[in-house]
Amino acid sequence: MQVSIACTEQNLRSRSSEDRLCGPRPGPGGGNGGLVGGGHGNPPGGGGSGPKARAAVVPRPPGPAGALRESTGRGTGMKYRNLGKSGLRVSCLGLGTWVTFGSQISDETAEDVLTVAYEHGVNLFDTAEVYAAGKAERTLGNILKSKGWRRSSYVITTKIFWGGQAETERGLSRKHIIEGLQGSLERLQLGYVDIVFANRSDPNSPMEEIVRAMTYVINQGLALYWGTSRWGAAEIMEAYSMARQFNLIPPVCEQAEHHLFQREKVEMQLPELYHKIGVGSVTWSPLACGLITSKYDGRVPDTCRVTIKGYQWHKDKVQSEDGKKQQAKVMDLLPIAHQLGCTVAQLAIAWCLRSEGVSSVLLGVSSAEQLVEHLGALQVLNQLTPQTVMEIDGLLGNKPHPKK
């Protein structure tokens, strides 16, 4: 078994670390394999991406052998990256449903947002069993069913942990992982999800039980991959080691909060896991729940999400001393944004995209117009020179450094 682990890590390390972005290997078809089936809710067996989400590898100067690359969608400009070092290609900007779907916005607005996202090449849609007590999954499922998009053209992720009030309806026991995912699939009206996340670690469930349950739902065709969300690096490594020890399926990515004021984990801890065991990152809250938009300016607008019932904690955070200092730093970024011809929000999202090992950044929006603005971050990404990044780091004064 030591030989197996060593070979796996050596194989991962052998890939060039100069470019974190995985690209498709040359070959016919250009698609990733899937389970046999077809239609809405069945594992994919063919097809491809949607009419406006097709990815084509853009010709680039040849890189070193084994270099990892990204591709750009034909006609949309969306960039696609591998999910960690798996073969799954995801849009570098995804759409999240936390707060919005089934809660903050109407179902009609949610459909507009999802449609615009899909037409602009977004293929990653994230939800969770706990979002709006299951309403977010229902809303997403209803929209997908009405649209009739090919199931093979998009990636659905959901998260399992908080499923209900009963003791057996939460946590990461084998029982709740299986039953919770089945409940999510029923609400989504799908036969499988592409990725199921463990939506936090669970000290009450043995790691072997968690990994075996995740392997089971994948083998049963209920999910294609599994990942972690808000897990520590040591816990992710334990899950990986457990999978290798018992010939089970390891996680492929961690979902983590990352923005200008939350940097340590994604910038210092996860890159090491990416290089050692191939675990990538899907990050959320690139605008710190709306803080990084310059819209606060010392006050909280009535239309802001922090005024929604149940989010008093975020309002308190915004109005705290640390929150006011962060707002001041956001205002300091305005000259850089103006110089690049973009908004502070676009600058902040592009800044997140340049982090090593990040496969996709999830956006949370309340309107189609806001989504289009945030998608403009793709154009800003190409303008983020090392000098500009250094200037941003200087203004923030919070760049994490390796611990001695």
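Modeller: The expected span of a helix is 1.5 Å times one less than its number of residues. Please bear in mind that the model is predicted.

Biologist: How far apart are the end C-alpha atoms of helix α6?

Modeller: Helix α6 covers residues 207-219, which is 13 residues.

Biologist: Which residue just after α6 takes a positive phi?

Modeller: The phi in question is about 80°. The residue that takes it, just after α6, is G221.

Biologist: How many residues apart are F125 and Y154?

Modeller: The model holds five aromatic pairs. One of them joins F125 and Y154 in a tilted arrangement, with 6.4 Å centre to centre and 55° between the planes. F125 belongs to strand β6 (residues 124-126), while Y154 sits in the loop between α4 (135-147) and β7 (155-160); the pair links distant parts of the chain, 29 residues apart.

Biologist: Are F125 and Y154 buried or exposed?

Modeller: A residue counts as buried under 20% relative accessible area. On that basis F125 and Y154 are both buried.

Biologist: What kind of aromatic pair do W226 and W231 form?

Modeller: Both W226 and W231 are buried. Their ring centres lie 6.3 Å apart, and the angle between the planes is 70°. Planes over 60 degrees apart define the class, so the pair is edge-to-face.

Definitions and conventions
Residues numbered from 1 in each chain as written. Predicted model: local features only at pLDDT ≥ 70, side-chain atom pairs only at ≥ 80, totals over all residues. Heavy atoms only, no water. Phe/Tyr/Trp six-rings, centres within 6.5 Å; stacked < 30°, edge-to-face > 60°. Helix = DSSP H or I, 4+ residues; strand = E, 2+ residues; numbered from the N terminus. Buried < 20%, exposed > 50% of the residue type's maximum accessible area, 1.4 Å probe, protein only.
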